[in-house]
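Trainee: I have a new structure to read. Could you walk me through it, one feature at a time?

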Amino acid sequence: MHNYTMLIDQVIAALTARGYLEADATLMFGGSDNYYQIRLAYNYRAFDGAEVTYKSVRESNLHPWADPNMAESYVDAALDEIAGLPTSRELQIKGFVNQLEALKDRAVDLGVDADFVNPLAALMEKLASNALPAPAKR
């Protein structure tokens, strides 16, 4: 007997550990006489104010049955994908760096003195190299 709730909880826990909000997951089995489908769908909000992200792992096949054991492999695939996602904090810092980049570009376009623009460029470089570690592996 499979504990599908435990499998779903693993996906939700992995999303929550990355700092994501409103994490949710659903495991679905369906089909008819000539096909089956297993689908693991999950969604999350990367940070407050961000759009909800929806992802899924899906398998359809031309068999009249669905193998419940495949659900575990779907959860493993989702966990691997989630482990490669940036954390909420990393996404927020990346957004901040992008805003700084736009500000620096705007300053250059306006002919703002380099003495004002260079410290901004140095801050962006420092943030990008020190604050954004490589994604963790599961």
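Trainee: What percentage of the 138 residues in the protein chain do buried residues make up?

Mentor: Start with the ground rules. This is a predicted model, where local features need pLDDT of at least 70 and side-chain atom pairs count only at pLDDT 80 or more, while totals for chains, interfaces and linings use all residues. Residues are numbered from 1 along each chain as its sequence is written, and side-chain values use heavy atoms, with hydrogens and water left out. Now the term: buried means under 20% relative accessible area, exposed means over 50%, and partly exposed is in between (1.4 Å probe, protein chains only). Here, buried residues make up 29% of the 138 residues.

Trainee: Which helices and strands does the protein chain have?

Mentor: Helices (H or I, at least four residues) and strands (E, at least two) are DSSP runs, numbered from the N terminus. The protein chain has four helices and three strands. Read along the sequence, they follow the pattern α-β-β-β-α-α-α.

Trainee: What share of the contacts with a separation of 6 or more comes from residues 24 or more positions apart?

Mentor: Contact means heavy atoms within 4.5 Å. In the protein chain, residues 24 or more positions apart account for 57% of those contacts.

Trainee: How do I read a pair of packed helices?

Mentor: Two packed helices are described by the angle between their axes and the distance between the axes. Axes are lines fitted to C-alpha atoms, for helices over the stretch in contact, and angles run from 0 to 180 degrees between N-to-C directions. Take helix α1 (residues 4-17) and helix α2 (residues 70-83). Their axes come within 10 Å and cross at roughly 5°. That makes α1 roughly parallel to α2. The scale is this: angles under 35 degrees count as roughly parallel, over 145 as roughly antiparallel, 65 to 115 as roughly perpendicular and the rest as oblique.

Trainee: Which residues make the contact between α1 and α2?

Mentor: On α1, they are Tyr4, Leu7, Gln10, Val11, Ala14 and Leu15. On α2, they are Ala71, Glu72, Val75, Ala78, Leu79 and Ile82. These residues divide into 10 nonpolar, one polar and one charged. In this scheme, Ala, Val, Leu, Ile, Met, Phe, Trp, Tyr, Cys and Pro count as nonpolar, Asp, Glu, Lys and Arg as charged, and the others, Gly among them, as polar.

Trainee: What does Glu72 touch?

Mentor: Glu72 touches His2 and Leu7, not counting residues up to four places away in sequence. Glu72 and Leu7 are 65 residues apart in sequence, yet their C-alpha atoms are 7.1 Å apart. Glu72 counts as partly exposed, at 38% relative accessibility.

Trainee: How many salt bridges does a search of the whole structure find?

Mentor: A salt bridge is a side-chain nitrogen of Lys or Arg within 4 Å of a carboxyl oxygen of Asp or Glu. The search finds four. One of them joins the side chains of Glu22 and Arg45 (3.1 Å, N to O). Glu22 lies in strand β1 (residues 21-31) and Arg45 in strand β2 (residues 36-45), so the pair ties together parts 23 residues apart in sequence.

Trainee: Is Glu22 buried or exposed?

Mentor: Glu22 is exposed, with a relative accessible area of 52%. Check the backbone too. Most residues other than glycine have a negative phi. Phi of Glu22 is near 55°, a positive value.

Trainee: Which residues are linked in a network of salt bridges?

Mentor: Glu101, Lys104 and Asp105 are. Glu101 meets Lys104 at 3.8 Å, N to O. Lys104 also bridges to Asp105, with the closest N and O atoms 3.8 Å apart. Glu101 and Lys104 are three residues apart in helix α3 (residues 88-109), so about one helical turn separates them. Lys104 counts as buried, at 18%. Glu101 is partly exposed at 30%, and Asp105 is partly exposed at 33%.

Trainee: Where is Ser88, and what is it in contact with?

Mentor: Ser88 is in helix α3. It counts as buried, at 6% relative accessibility. Leaving aside neighbours within four places in sequence, Ser88 is in contact with Arg18, Gly19, Tyr20, Ala46 and Phe47. The side chain of Ser88 reaches the backbone oxygen of Ala46 at 2.6 Å.

Key. A polar contact is a pair of N or O atoms within 3.5 Å; within protein, one must be able to donate a hydrogen and the other to accept it, and residues adjacent in sequence count only if both atoms are side-chain atoms.
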